[in-house]
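My notes follow in the order in which I looked things up.

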Amino acid sequence: MDLLRFATAGSVDDGKSTLIGRLLLDSKAIFEDQLEAVEATSKTKGYDYTDLALLTDGLRSEREQGITIDVAYRYFATPRRKFIIADTPGHVQYTRNMVTGASTADLGLVLVDARQGLTEQSRRHAVILSLLRVPHLVLAVNKMDLVGYDQEVFERIRAEFVTFTQRLNVPDLAVIPISALQGDNVVTRSENMTWYDGSSLMHHLENVHIASDRDLRDVRFPVQYVVRPKSDEYHDYRGYAGRVASGVMKPGDEVMVLPSGLTSRIAGIDLFEDEIAEAFPPMSVVVRLEDDLDVSRGDMICRVKNAPEPTQDLDAMICWMTREPLRPRQKLAIKHTTRSARAVVKDIQYRLDINSLHRDTEARELGLNEIGRVTLRTTQQLLVDPYEQNRTTGSFILIDEATGNTVGAGMIN
Amino acid sequence: MKSAADYRLSQLDELESESIHIFREVVAELERPVLMFSGGKDSIVMLRLAEKAFHPARLPFPLLQVDTGLDFPEVLATRDAWVDRLGVNLVVASVDQAIADGILVDDGRTSRNRMQIATLLEALESGGFTAAFGGGRRDEEKARAKERVYSHRDEFGQWDPKNQRPELWSLYNGRLHEGEHLRIFPLSNWTELDIWHYIARERIEIPSIYFSHRRRVFERDGMLLSEHPANPCREGEVVTERTVRFRTVGDLSLTGCVESTAATLDEIVEEVAVARVTERGATRGDDRFSEAAMEDRKKEGYF
């Protein structure tokens with residue numbers, strides 16, 4: 001059984017919480033005591049039906065305001081797969097949460113209300129998912145029951161969305177007509193929409209092919225920690241612990257360590273007490289080298305003729321996540337793979353309007369929840385790949401040195 | 001020639017890899033980590049993952065246990081066996097000691113569970129610990145679903161759910177000011193069933209009370225509680241002997257058991273897979289007082 005992480009986006013009105021509630025309920029991830037609590041609350045509030053959306057309301061402050069303010073993670077499993085849902089709120093002011101949820105997702109699920117069709121919000125969600133290079137996208141056209149399960153309504157929305165996504169980078173798109181409330185095409189194929197010959201949402205989630213999403217060619221191994229037991233039994237043991245970002249590593253492979261550029265061969269790869277024949281993403285392993293090189297945290301092990309670019313100049317798309325705007329000359333801390341440095345903002349090239357995709361080159365700052373293309377200069381070399389090639393070595397976070405807060409997310413061009 | 005499909009990890013291996021990455025990241029970046037160890041299944045799985053993360057070196061941090069004075073003896077025995085085998089340093093912070101030292105006042109109404117909070121915060125502060133690993137999982141409870149892996153606590157140990165740091169990719173932010181600390185949750189993405197599958201797969205030693213056994217119990221608030229001198233029966237409560245096991249392990253005045261004949265790991269996995277009530281709802285008095293019981297305790301500095 002493998003793992004699929006997906007991010008959902010949509011507002012309360014699109015029925016997102018109802019859909020998630022149904023996925024959890026039908027896969028038996030909801031327990032009786034949780035359901036009873038929700039039934040009781042629904043009754044107290046005078047609702048006619050059990051509001052499944054209450055299952056996913058997390059914090060009291062959210063319940064009080066009747067909105068979701070933060071990313072919530074949900075879990076369910078079928079016999080085929082385990083799923084982690086990053087449930088993100090849809091409002092424009094929560095772009096940062098959507099970016100957060102999308103950053104680890106294999107698949108993005110955008111919901112629209114069949115009666116409304118595509119809205120500014122659904123377009124924005126698709127743009128963010130494509131910016132974050134989420135490899136698979138699903139548009140669920142919800143509330144089909146309220147438009148009489150009309151194929152024409154569905155086809156019109158689908159065509160409009162397909163046209164829109166041609167301007168984006170969307171490698172895989174599925175469009176599914178559903179009714180989260182009635183259960184049409186959620187787990188089983190709907191008898192109300194015999195004109196639809198695709199899979200149900202659950203079937204799609206269980207079967208979407210994610211094995212090829214990972215890069216198995218370009219070896220990138222950011223060194224996290226040096227394991228030196230300093231015990232009699234392992235007197236000379238020196239291993240480099242880390243998580244394989246991409247590529248397949250094997251004992252005997254000739255490798256190069258950056259930034260020093262020194263070369264060696266892999267002597268062995270350890271996974272706890274076992275020596276293993278190969279390591280691939282996203283395994284956490286310990287790599288031993290044949291030669292005694294000076295390797296430390298922040299270095300990167302790669303292949304001799306296939307290395308990331310060491311650079312102090314970053315050209316990146318940045319999502320800004322705090323009230324105080326990002327401005328030129330601002331200094332920040334930056335964390336990229338296992339390497340930390342400081343960075344100064346050299347230039348804001350443009351601000352991206354994520355509704356119209358218009359690039360505003362006059363912009364002099366990026367405000368909360370805004371996304372723009374920015375040039376940074378760092379105090380030391382970072383070992384980077386373009387984000388479109390590698391989501392691990394192509395991403396970074398920016399930290400405010402005074403407050404310690406994470407204030408920006410960057411994707412390298 | 002192998003295909004891409006041959007290079008997929010099982011979901012359990014992917015969770016393991018993620019947790020190991022978190023342990024190493026904390027140890028590499030933070031000054032004084034500590035692992036909060038209760039002796040329950042989640043903290044034992046944490047310990048196993050930490051062991052894997054640093055092998056063949058020893059654990060580079062101590063364990064911290066808050067002794068409520070009401071811990072199950074079977075749990076303490078398992079704790080000691082693990083401490084011996086790993087050769088790790090164990091710090092015990094005792095609620096009774098905190099009362100004796102005047103850090104806490106036992107008013108006779110506050111549960112031991114609640115009194116753990118002050119004891120824990122005091123132990124973290126006096127040990128100078130800046131990062132405390134906890135076994136919390138996001139599937140446990142609604143308030144936990146929005147918890148970060150690196151959960152920031154202010155100088156009072158409080159959690160501010162509305163002001164959490166965004167957490168993207170696997171880039172964790174370990175920045176701290178003087179007096180602040182982080183709670184680290186390496187099991188964030190594990191479910192109860194994942195924990196049991198992992199324990200079964202790795203044949204991990206856990207306390208015997210998780211397995212079916214005969215026990216003298218009485219009913220209170222719809223839970224089956226253990227007969228114990230420190231947990232006296234109230235009027236009308238009748239002690240009977242039943243075949244039970246525990247789904248969670250906490251202080252014995254609040255932790256209920258369930259009737260079960262599951263005597264092996266495989267039988268427990270089977271039982272958990274079809275369970276229809278959450279482990280906390282079924283057996284934890286501390287989470288049932290209000291809809292936001294966990295949220296409130298977390299804000300104050302609970303595990």
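I began with chain B and found an open sheet of six strands in the order E3-E2-E1-E4-E6-E5, with mixed pairing. Strand E3 (90-94) and strand E5 (150-153) of chain B stand at the edges. Each has a single partner strand, so one side of each lacks a neighbour in the sheet.

The model is predicted: local features need pLDDT of at least 70, side-chain atom pairs count only at pLDDT 80 or more, and totals for chains, interfaces and linings use all residues. Residues are numbered from 1 along each chain as its sequence is written, chains are lettered from A and ligands numbered from 1 in the order in which they are written, and side-chain values use heavy atoms, with hydrogens and water left out.

My terms come from DSSP: helices (H or I, at least four residues) and strands (E, at least two) are DSSP runs, numbered from the N terminus. Two strands pair if DSSP finds at least two bridges between them.

**More on the chain B sheet**

How many bridges join strand E2 (residues 63-67) of chain B to E3(B)? I found five, and the two strands run parallel. Val66(B) has Ala93(B) in E3(B) as its bridge partner. Helix H2 (residues 41-54) of chain B packs on the sheet. H2(B) touches strand E1 (33-36), E2 and strand E4 (131-133) of chain B; contact means heavy atoms within 4.5 Å. The direction of H2(B) makes about 140° with that of E1(B). Axes here are lines fitted to C-alpha atoms, for helices over the stretch in contact, and angles run from 0 to 180 degrees between N-to-C directions.

The peptide bond from His55(B) to Pro56(B) is cis, with omega near 5°.

I then turned to helix H5 (residues 112-127) of chain B, which holds Gln116(B). Is Gln116(B) buried or exposed? Its relative accessibility is 8%, so I logged Gln116(B) as buried. Buried means under 20% relative accessible area, exposed over 50%, partly exposed in between (1.4 Å probe, protein chains only). Gln116(B) and Val95(B) are 21 residues apart in sequence, and 6.4 Å apart in space from C-alpha to C-alpha.

**Domains of chain B**

Chain B is divided into domain 1 (11-193 + 293-300) and domain 2 (207-286). These bounds come from an automatic or database domain assignment. The C-alpha centres of the two domains lie 24 Å apart.

**A strand in chain A**

Why is strand E7 (residues 220-227) of chain A largely enclosed by the rest of the structure? Seven of its eight residues are buried, which is the reason. E7(A) pairs with strand E13 (residues 300-303) of chain A in the antiparallel sense, over three bridges. There Pro222(A) stands opposite Met300(A). With strand E8 (residues 239-243) of chain A, E7(A) has antiparallel pairing over four bridges. Tyr225(A) stands opposite Ala241(A) in E8(A).

Leu258(A) and Pro259(A) are joined by a cis peptide bond, omega about 5°. Asn369(A) is not a glycine, yet has a positive phi of about 70°. At 10% relative accessibility, Asn369(A) counts as buried. Asp221(B) also has a positive phi, near 50°, but at 60% relative accessibility Asp221(B) counts as exposed.
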